[in-house]
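Dear colleague,

Please find the structure below, followed by a short account of what was found in it.

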Amino acid sequence: MNRLSLLDRAFRWVLRLCLASSLGFPKTVVSIAVILAAWGGYLYFFDLPILTDRDQLLNSELELNRLRQVYREKFGDDRYLVLVVTLAEKDSEGGLPSVPGTDDRDRMKQVARAWVDQLSSRPDLFPKVVDRMDWAELRSSVLLYLPEEDFKATTSFLGEHMPSWRGWLEQPSLQSLAAFADEVLVAAAATGEQERGNLEVLIGGLEEFLRSVNGQLQSELRVEEARLPGSVRSGTVQQESLHSVVERFRRELVFEMSRGRMDAEGALFFAEGRILTVFADVRGDPGRQNRYAEGVEFAQARLDEVMASHGTGLEAGLAGFPALEYEEMRTGLKDISRGTLITLVLVTGLFIWGFRSLIRPLLAVLCLCLSLGMTCLLVWILVGHLNLIAMVFAIIMVAVGIDFAIHVTTHYERYRWEGRSAAEAIESTMFSLGGAIWLGGITTAAAFFSAYFTEFRGLSELGLISGAGLLICIPCMCIVYPALLQLTDREEVSPADRLLKKGAGRYQLSVGVRPWKVTNLAAARALILVAAVLVALSYSCGQYHVDTNLLNLQEEDGEANRWQRLLLTTDDVATFGIAIFQNRAELEEARERLESSELVRRTESLYPLHEQMKRNLLEPVCAAVEQLEPLEESVTDLSASRRQVWNLRQRIRRFGSRSQEAQTHLKGVETELASLYRTLGALSSEHHGAGVNSLDRELHDLSAEMRTELRSAVCPPLLDSGNLPSLLVDRFLGKDGSLALFVYAKKNVWNQDELEEFVDEVRGIVPDIFGEVISFYENGRSLINSFLQSALYALLAIVLLLLLWSRSIRTTLLVISPLTASVGLLLGLMKWGPYDVPWNYANFFALPILIGIGVDSGIHLVRAWNSGIPLAFSSASKAVLLSSLTTTIGFGVLATSDHVGVSSLGYILFWGILFSLICSLLLLPTLLGVFARRTYESED
Amino acid sequence: MRAKTRIPLPLNWVLVLALGFYLTAPGLSAPVESGFLVVKYGDESASPELAAEFLEKLATFLGAPIDRGPLKGWIANTPAEAARILRDAHPILLLGPPGLYLELELQQQLPMEVLVQVPRMGATSERYVLVAPKKSELSVENLRGELVRTVFAFDRTYLERVVFPASFQPGVDFQLEPSTNMADEIFLLLEVPEESAASALLLDTELALFFQQDDMVWPELKVVWQSEELPRDLVVAVGSEWTSTEIQRLKRHLLGMKDDPGGAEILELMSSDGLVPCNFELLERARAKYRRSP
């Protein structure tokens, strides 16, 4: 290059300034740097807040993020920690937890209750814990909240058999009750496969009821035991009041009819009762890197205690966004910290090994640490905080910043080897290399700065901080590092001395790769052609798929991940879209359309679905109940009751004769009926004493209660916030009276394609839908767009700066050729390599690092080539080799991380930088040999 | 190269019209629904509502070996209902009592072929019994004029011609009335005989076996009379559309029912251990009696 470019002239001026300060006032320079870095370090550890709330990293301009903020103000948080309790036993098919029986469900509820009690000791961490829906509050409207199919079955069942139940409801007695049970059994037996559960509950309830009645009557009999025939059961009968038996039976039936959704105590069961959930609003500490750590760790520790005492045969774990975020942050931060540290250690080690020297590499690493500290100070001044994504800047600076140090050290060592003093070597290094350092640094920084203009706040701040960090790193390497060298390296060493002391091998190692000699132009062109084809193929068939499933990023064996996946495969209650309406008419209209969509699993709101239609169906049943005659006091007719019990028993026997299974189920009822029949036979009218009277009174009360409940269920009052459970009101009614509608997707929302389909569909109906599930989509898209945008901006910035520097399209193309080729090869490897590694939210960060290192290597090599000095190219290639190897090995460590996202980041960086190295040292020299031929005056 | 053969235009039109005619002709535009009829007189669970699941399973099983599209199942528990379905729906298969088969045979409206018979509760032949309380003095000799109750629907002709001997005929030697609740009849007979209108009950084999298994019932009853051995319920192919290959295939399928998982489920619902070849000797005797009587 005969005439210096404007940039080169500017660099020379800056370098003179650098040299003047580093050589003139080395102690002052180092002192200032240490003070600034220490201040920055202090701020990082004690004062610099870290934004870990994902929402704060989003694009605040997005309408859905604004809507979400509004929702939280009106309705509270929509992200809950979810306790999931299941049976340890699994179904043979599908591996889902087994459906629990009544006792199992009680034990599951015991675990949940105990956990909630523990959490209540920390209201500061868990301001709200929801473990039950108080159906008692909803009793009068409970039918309306049944799923439509179950509602219709129940209503039709009630409507059809109401006439035959009149006897029991109007004249309660043992005989009318037996007739009632007979009717119910016949009707229930006619129902389909799905209602088998109802029938089983019915039979179980009947058996218990009969046992209780029999117990009462036998107590009566024991008064005159002498009159008992031998066949009648004697001894103490475990007696339970009819009321409690019926209450339990009613709970069971409601639970069964609602497919496990309506537990009588309001416990939140899902998936036919397989899963019991508790929702806890957990407070995060925005000042902590892992904001939910305290809450989730406390909740998990209490759960472990509870499980140790109550959890035999059960499994329990935590799911929901706080648990997922906690787990991700824990493994992610652990892996990133470990990765950064190991990278730093390995880089330093390789540095030391590469230069066979301890002091210089350590000084370079110290310098790097100082620049990190100063960057923190700058962040504090410019941004005021760090964020979850921007924290990656440390790794970027270690990876790219160390390159500057390696280049400076390589050149410095060469000049020192030539016998120059430290000051002379520094001066020579700066004049020969400083320009390339500044150019490479500024170009890479420009690439990072370009991310500042993207819409995603997390990435935008990362770009700003990393760019600024690199701009700090360059003067550090050009002023502070030379100052440190000047202060520490006072030894006068001649080349001869060095050769005598260390041997010639050291010299060979220090020269690195010699300039490529293209002796066979045709072979070189063929090589370039093959490389071009390979790269083009890699680009055209490479990996462009982005896996947006956040669960796939998590540690595979992670607890929260496992439980969240269980929710996902059964009934995911934690991910939904939210729409807000100002009035019910709007809500109902939208809900109707959403419910008819193939992509919507269900919707939830304050009001039951299709309330009016349900009310219309209930109207005739309600009318029939209203027309019931006033309840009469009636007396059990022993003979009539006996006849009814006989017939009921024969009915049961008939049902039992249908199959072995039916017989097994009905055996208990039949036995109870036979016993009751005999007891009734033993009781004569003259024994009709206190026991029978008490039974009559109890039956009367039961009938009265059943009438009241039936009337209340089939003639529900108008619903308003006053007669609805507070849980529903809290969840779905805003402070200003607005109404929330939750929309659950039928397909897997963690799959980007299915999520996109869902979002498109629901947006067609409710354009303003938002919520975590929509945020996945929008923010995921925004993040991907931002990355692509920043990559494009970075490329433009690099090309412009290179053009400005070189004033040559050819040189510019040659500089970026290793980067372009290595990215292409990486895309191909990701797709067709031994592992299909898709892009994801974590490994996207590899792109800016690859761009930085790739461009930097290109600049150093092309500039060294253009200098016409073979030793300069050797030094540059050695620096490229060392810096790339250090970074490759350092990041390779990340590939062994538990966190799948971090691991894939390590994998991509390892191969990306390796490809970049190969392209820089093999392809670029060949390209230079063909397209920028140079004759060296002296190659030795 | 061979020249393309072109169909002249008018012929095209003729073909189109013929096809249109064929498709719109009565009986051709929509395929006739093939089905089967299950008849069980006097069994309240033999109703479309209670037996829906059974019919669905049976349709799947019966449809498997024959190429008639999805089969539809009907069920009847009274002679009137059975007759209505036979008249309106023209089932191609009948699973029912031998009396119904003999009546259809006598009418000679359609060709029929007996495939197998249906044992239930271990009984491979039918035997009707008259039962009365053990403590009563009732016997065949003093039954004249007494009231006998049986299930709510029965085939009076079959009972008169085949079940009861000429010397002991319902309506002549005793009164026979239906009852909607045989269990209740037994209760009245045993517990409050003074309130019971009937003196004895007529039970078919299945019902008799059912009560035999009840230690609260059978020890209190005595058998006053029992019929000769009679044929069991039959499975009969009805209509002229059956080919002998289809008949054989279906017969094999039915005989292997207990070895088929779906078939075993159906058999359990029918309280049967498996279908067996028809006892033609008993059937022939019943046929002779049925035809001989006026």
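Thr443(A) belongs to helix α15 of chain A, residues 422-449; helices are DSSP runs (H or I, at least four residues), numbered from the N terminus. The model is predicted: local features need pLDDT of at least 70, side-chain atom pairs count only at pLDDT 80 or more, and totals for chains, interfaces and linings use all residues. Residues are numbered from 1 along each chain as its sequence is written, chains are lettered from A and ligands numbered from 1 in the order in which they are written, and side-chain values use heavy atoms, with hydrogens and water left out.

Thr443(A) counts as buried because its relative accessibility is 0% (buried means under 20% relative accessible area, exposed over 50%, partly exposed in between, with a 1.4 Å probe and protein chains only). Leaving aside residues up to four places away in sequence, Thr443(A) touches Ile798(A), Leu801(A), Val855(A) and Ile859(A), where contact means heavy atoms within 4.5 Å. By contrast, Phe46(A), at 62% relative accessibility, counts as exposed; Phe46(A) is found in helix α2 of chain A.

Turning to the interface, 23 residues of chain A are in contact with 26 residues of chain B. The rule finds six salt bridges across this interface, a salt bridge being a side-chain nitrogen of Lys or Arg within 4 Å of a carboxyl oxygen of Asp or Glu. Arg643(A) forms a salt bridge with Asp184(B), and their closest N and O atoms are 2.6 Å apart. On the side of chain B that touches chain A, α6(B) gives the most, with seven residues.

Yours sincerely

Technical notes. Helix = DSSP H or I, 4+ residues; strand = E, 2+ residues; numbered from the N terminus.
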